[in-house]
Amino acid sequence: MTGAFFIPVSLKEFALNLEGKVAVITGAAVRIGRAMALALAEAGVDLCIHYHHSNEAAEETCEEVKTRGRNAISVSADLSDPVSAAAAIFEAAVARFGKVDILINSASVFENKGLADSTESDWDSHLDINLKAPFFLCQRFAEQFQPGQTGQIVNIVDWRAQRAGKGHLAYRISKAGLVTLTECLALELAPAIQVNAIAPGAILPPPGEDQSYLDQRAQKVPLQRAGNTAEICSALLYLLRSDFVTGEVLTVAGGEQLTGGLG
């Protein structure tokens, strides 16, 4: 025994193996979606930036992608009409790039509604955008695959999706459904397509909240701080660079999922 071990791929090759790939990211004009788009551009990926209303932000994200030496287009689509939106996004991406290798379902509705104050409209919006849209986007993604092509789907879920708690009922259930979809598609689409999920914790304050929201959340996070988008991007790059991980939910929450957080 010499103590040596076999490394099947060089570190340089490992770091560059996303070069030339094409990714569709929903909700990529702002927040975590935007951060992931720029991280993938740095890794050599061309981008289809989906947005709904954030036209100016989407164009700014595309320009930032281009400054990193990659190509980008933006596509507006309303995910509350999931079938039509999925078709529009993939038609635009395939027309521009000829293929899509990576799908990241990041767009999401997040509302804190409980049993007493949830309406049918709340349920419709959460299920349409958080669950049905990812399903039909995954369907379109698989349909455009060519023989011999390999790819990845990454769904952005939430640690709440795997833990019971008060509040956020429609949101929790829609994200729990997305976890189940992740696991089912990991089986159905193997071996050509790996399907995983990332479950963020306290990364950014919700729209309408400020840093005090994260400061309050951090008090119940075992690591005693909020996270940041760089940690989500690191998790994403790990999953995309692995060829032996599928059907997993990678939780990036500082241990908050163990405590139940603030509900």
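Predicted model: local features only at pLDDT ≥ 70, side-chain atom pairs only at ≥ 80, totals over all residues.
Residues are numbered from 1 along each chain as its sequence is written, and side-chain values use heavy atoms, leaving out hydrogens and water.

**Exercise 1. Find in which order the seven strands of the open sheet are arranged, and which are the edge strands.**

Step 1. Strands (E, at least two residues) and helices (H or I, at least four) are DSSP runs, numbered from the N terminus. Two strands pair if DSSP finds at least two bridges between them.

Step 2. The order is 3-2-1-4-5-6-7, with parallel pairing.

Step 3. Strand 3 and strand 7 (249-252) are the edges, since each pairs on one side only.

Step 4. Strand 2 (residues 46-51) joins strand 3 (residues 72-76) through five bridges, and Ile49 stands opposite Ser74.

**Exercise 2. Work out the handedness of the β-α-β unit made by strand 2, helix 3 and strand 3.**

Step 1. Point the strands away from you and follow the path from the first strand over the helix to the second; a clockwise path is right-handed.

Step 2. Strand 2, helix 3 (residues 55-67) and strand 3 give a right-handed unit.

Step 3. Check the connecting helix. Helix 3 has 13 residues and spans 19 Å from first to last C-alpha, close to the expected 18 Å, where the expected span is 1.5 Å times one less than the number of residues.

Step 4. After helix 3 comes Gly69, with a positive phi near 85 degrees.

**Exercise 3. Explain why the buried residues of helix 3 line one face.**

Step 1. Buried means under 20% relative accessible area, exposed over 50%, and partly exposed in between (1.4 Å probe, protein chains only). The buried residues include Ala58, Thr61, Cys62 and Val65.

Step 2. Down the axis of helix 3, the buried residues fall within an arc of 100 degrees, so they line one face. That arc is taken from the directions from the helix axis to the C-beta atoms.

Step 3. An α-helix has 3.6 residues a turn, so residues three or four places apart point the same way.

Step 4. The buried residues pack against helix 2 (31-42), strand 2 and strand 3, contact being heavy atoms within 4.5 Å. Exposed Glu56 and Thr67 sit on the face turned away from the buried side.
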